[in-house]
Amino acid sequence: MDIGGINDPVTAALVLTPIVTGAVEAIKRIPRVALTSWLLPFLAVAAGVAISFVWAPELPWRDEVQAGAMSGLAAAGLFSGIKTIAGK
């Protein structure tokens, strides 16, 4: 899928972060999936790497892994920050 010439891992991570956040939240809501909270950042990084290979195939594989890891970590931090601010 071409998304308009993303050729920078940082830009790809910026685009992928909300997608990874939604994917991790969707996985958490599957009834048969029992995840402890310490596994969620690892799940976010794995989901980020997997989604980056699908979303930005024009990047070299090292840049895709980098973008996926950055977006996964950013998604975990984004979710944690919003949860803290909301007080839940």
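User: Which residues are linked with Glu 25 in a network of salt bridges?
Analyst: Happy to start there! This is a predicted model, where local features need pLDDT of at least 70 and side-chain atom pairs count only at pLDDT 80 or more, while totals for chains, interfaces and linings use all residues. Residues are numbered from 1 along each chain as its sequence is written, and side-chain values use heavy atoms, leaving out hydrogens and water. A salt bridge here is a side-chain nitrogen of Lys or Arg within 4 Å of a carboxyl oxygen of Asp or Glu, and the network links Glu 25 with Lys 28 and Arg 29.

User: How far apart are the closest N and O atoms of Glu 25 and Lys 28?
Analyst: Side chains of opposite charge can pair when their charged atoms come close. Glu 25 and Lys 28 both sit in helix α1, three residues apart, about one turn of the helix. Helices are DSSP runs (H or I, at least four residues), and strands are runs of E (at least two), numbered from the N terminus. In the salt bridge of Glu 25 with Lys 28, the closest N and O atoms are 3.2 Å apart.

User: Is Arg 29 buried or exposed?
Analyst: Buried means under 20% relative accessible area, exposed over 50%, and partly exposed in between (1.4 Å probe, protein chains only). Arg 29 also meets Glu 25 in a salt bridge, at 3.0 Å from N to O. Because its relative accessibility is 64%, Arg 29 counts as exposed.

User: Which residues make up the largest nonpolar core?
Analyst: A nonpolar core is a set of buried Ala, Val, Leu, Ile, Met, Phe, Trp, Tyr and Cys residues joined through side-chain atoms within 4.5 Å. The largest one has seven residues: Leu 16, Val 20, Val 24, Ala 44, Ala 47, Ile 51 and Ala 75.

User: Leaving aside neighbours within four places in sequence, which residues is Ala 47 in contact with?
Analyst: Contact means heavy atoms within 4.5 Å. With those sequence neighbours set aside, the contacts of Ala 47 include Val 20 and Val 24.

User: How many helices does the chain have?
Analyst: From the N terminus on, the elements run α-α-α. There are zero strands, and the number of helices is three.

User: What does the C-alpha trace span along its principal axes?
Analyst: For the chain as a whole, 28% of the 88 residues count as buried. Along its principal axes, the C-alpha trace spans about 40 × 30 × 20 Å.
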